[in-house]
Amino acid sequence: MRSQSLQREVPDPWEALGSPDHVSLFVLRLLGERYAVEANLVQEVIRTGPITRLPAAPAFLLGVFNHRGEVLALMDPAQLLAEESTPLASGSRAAIVQSGEWRLALVAEAMEGLVSVPPSALEAPPATGPGPAEFLKYVAQTRDGPLAVLDLARMIETARARSLPG
Amino acid sequence: MTEREILLFSLDGRRHAVDANSVRRIASSREPGAEWIAASVLGRSRVPRRGLVVEVDGQERTLAVDGVEGIERIPAENVCPLPPFARATIRTAGICGIVVRGDELLFLVDLQQLIRESSKESWLYAQDE
């Protein structure tokens, strides 16, 4: 039987995908810190190739790139979290995510992979306000310490709202 | 295989594409008295040698460009809409799609929208020589 202890995550997070006993999180590094998104939203980790920057684009929209014939938008979550830029080069890794109708790629300083925690390890984020807390869905207690889980849907909606004219 | 005709032009150091059917004609910068749009979200024409003439709201308008490379026929599937997240967050309606041309991604420009967005201050009034 799998342990529900916060300190004992399942050894293979891939096994936990789809399991009701555990929540799989995909960990990435932003702003020098570890963040996560729900793993079921991550479809693929890729290398981006050349980025075509768009005119009149907000800072969080880094551009578009061609991934096996599909043109995808590339977002920098660090810009939304703290108005800071993630270093980007051709060949940087990105995670392709699908949140509702939105399919896009996220850039990060590093992609660390999956961790799995029991649902009881997920806590409500701190009170929201401007800054990263605004975009947190949970804080997951892991054996490596608290892990901020991003609310991807909220990030996308906020990005859209900030882009509206006027 | 369905094909589309695109007109390739250069502006501010980049190559762009426009649906060839949307351009009425290509004007020379030496036409006197013409009112040209020199700057837009695509940048400012460095050397306005040519103008792309389109009809906007019943009037002819001309976007100054640095050069016209010609018309190409490309497979229709090489023209993609902007990715939804880009379309939802970009602050212009002047780019309506992406043209995949080998390794190159070009903006498919909606000239009418681009010109509507350009302010009067960006217009260039050609001087008679």
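Modeller: Let's start with helix H3 of chain A, residues 152–163: its 12 residues reach 17 Å from first C-alpha to last, close to the 16 Å expected at 1.5 Å a residue. Bear in mind that this is a predicted model.

Biologist: Thanks! Which residues of H3(A) are buried?

Modeller: Those are A:Leu152, A:Met155, A:Ile156 and A:Ala159. They sit on the same side of H3(A), because they cover an arc of only 95 degrees around the axis.

Biologist: And what covers the buried residues of H3(A)?

Modeller: From chain A, the cover includes strands E2 (33–38), E6 (93–99), E7 (102–107) and E11 (145–150), plus helix H2 (77–82).

Biologist: Speaking of chain B, how many residues of each chain are in contact?

Modeller: On chain A there are 21, in contact with 16 of chain B. The elements of chain A giving two or more residues to that side are strands E4 (61–67), E5 (70–75) and E7, along with H3. By class, the side of chain A that touches chain B has 16 nonpolar, 3 polar and 2 charged residues.

Biologist: New topic: where is B:Arg15?

Modeller: B:Arg15 belongs to strand E2 of chain B, residues 14–19.

Biologist: Why does B:Arg15 count as partly exposed?

Modeller: Because B:Arg15 has 15 C-beta neighbours inside 10 Å, and partly exposed lies between the 12 or fewer of an exposed residue and the 20 or more of a buried one.

Biologist: What does B:Arg15 touch, leaving out residues up to four places away in sequence?

Modeller: B:Leu8, B:Ser10 and B:Leu106. As for B:Leu105, 90 residues apart from B:Arg15 along the chain, the two C-alpha atoms are separated by 9.4 Å.

How values were computed:
Residues are numbered from 1 along each chain as its sequence is written. Chains are lettered from A and ligands numbered from 1 in the order in which they are written. This is a predicted model: local features need pLDDT of at least 70, side-chain atom pairs count only at pLDDT 80 or more; totals for chains, interfaces and linings use all residues. Helices (H or I, at least four residues) and strands (E, at least two) are DSSP runs, numbered from the N terminus. The expected span of a helix is 1.5 Å times one less than its number of residues. The arc is that of the directions from the helix axis to the C-beta atoms. Two residues are in contact if their C-beta atoms, placed from the backbone, lie within 7 Å. Ala, Val, Leu, Ile, Met, Phe, Trp, Tyr, Cys and Pro count as nonpolar, Asp, Glu, Lys and Arg as charged, and the others, Gly among them, as polar.
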